[in-house]
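These are my notebook entries on one protein model. I set down what I looked up, entry by entry.

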Amino acid sequence: MSATAGAASLSKLGFAPGQAVQEFGYDDDVDDDLRFGIEDVIGSELEDEEFNDGADGVIVWYRDGDEDLVDLLVDALTKLFDQGYVVLLTPKAGRPGHVEASLVEEAASTAGLTTGGQVNVATQWAATRLMPPKGPRR
């Protein structure tokens, strides 16, 4: 993926300069090029799961067999500023750890999120933008 195409795809997911973006589910199988691309767009390093200052966006790496997806999405939501968003990254079909789209839809709905469609940003991972309901969270 070219730098321009990569930045355009990442902006479709909501990433923009100056944002604080927190990362959940990091492991040795994540796509480092994608991570570095996000950091290039936002202009800083991704924050880890221990970050408590509030985030503009959260990325969640999730594989079949990881902890409960609903719980993970709810945890991610607690870190977001109003108007924040979650990007769920799951292995693409045919890859180890692939997660069915129906499971993503069900988990997102249960967590109070709506799906904004998938964006192709990596060869091994599918990215789905998840948005909380409009208006301030309680």
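**Entry 1: helix α2**

I began at the start of α2, where D31 caps the N-terminal end: one of its side-chain oxygens lies 3.0 Å from the backbone nitrogen of D33. I note that the model is a predicted one. Helix α2 covers residues 32–42, and I listed its buried residues as L34, R35, G37, I38, E39, V41 and I42. Just after the helix, G43 adopts a positive phi of about 85 degrees.

**Entry 2: the sheet**

I then traced the strands. Five of them form an open sheet in the order β1-β2-β3-β5-β4, and the pairing is mixed. Because β1 (21–24) and β4 (114–119) stand at the edges with a single partner strand each, one side of each has no neighbour in the sheet. From one strand to the next the twist averages 25 degrees.

I looked up two of the pairings. β1 and β2 are parallel and share four bridges; V21 stands opposite G57 of β2. β4 and β5 run antiparallel, also joined by four bridges, and Q118 has T128 in β5 as its bridge partner. A hairpin of five residues connects β4 to β5.

Next I checked which helices meet the sheet. Helix α2 lies across β1, β2 and β3, at about 175 degrees to β2. Helix α3 packs on the sheet as well, touching β1, β2, β3 and β5 (125–131), and its direction makes about 145 degrees with that of β3.

**Entry 3: the nonpolar cores**

Which residues touch the most other members of the largest nonpolar core? I found V58, V60, L73 and V86, in a core of 21 residues. The elements that contribute two or more residues to this core are β2 (55–61), α3 (69–78), β3 (80–91) and α4 (101–110). The largest share, six residues, comes from α3.

Beyond its neighbours within four places in sequence, V60 is in contact with F24, L72, A76, V86, V87, L88 and L89. There is also a second, separate core of 20 residues, which includes V30, I42, V121 and W125.

**Entry 4: S9**

Is S9 buried or exposed? S9, a residue of helix α1 (residues 3–12), has a relative accessible area of 12% and counts as buried, because the cut-off for buried is under 20%. Setting aside neighbours within four places in sequence, I recorded contacts of S9 with V119, N120 and V121. S9 and V119 are 110 residues apart in sequence, yet their C-alpha atoms are 6.8 Å apart.

**Entry 5: salt bridges**

I counted four salt bridges in the structure. In one of them R63 pairs with D29, with the closest N and O atoms 2.8 Å apart. R63 lies in the loop between β2 and α3 and D29 in the loop between β1 and α2, so this pair ties together parts that are 34 residues apart in sequence. R63 is buried at 9% relative accessibility, whereas D29 is partly exposed at 35%. R63 also meets D66 in a salt bridge (2.9 Å, N to O); D66 is partly exposed at 31%.

I returned to α2 for another pair. D32 forms a salt bridge with R35, the closest N and O atoms being 3.9 Å apart. Both lie in α2, three residues apart, about one turn of the helix. D32 is partly exposed at 35% relative accessibility, and R35 is buried at 11%. A network of salt bridges links E23, D32 and R35.

Terms used
Residues numbered from 1 in each chain as written. Predicted model: local features only at pLDDT ≥ 70, side-chain atom pairs only at ≥ 80, totals over all residues. Heavy atoms only, no water. Buried < 20%, exposed > 50% of the residue type's maximum accessible area, 1.4 Å probe, protein only. Polar contact = N/O pair within 3.5 Å; in protein donor to acceptor, adjacent residues only side chain to side chain. Contact = heavy atoms within 4.5 Å. Core = buried A, V, L, I, M, F, W, Y, C linked by side-chain atoms within 4.5 Å. Pairing = 2+ DSSP bridges. Axes fitted to C-alpha atoms, helices over the stretch in contact; angles between N-to-C directions. Salt bridge = Lys/Arg side-chain N within 4 Å of Asp/Glu carboxyl O.
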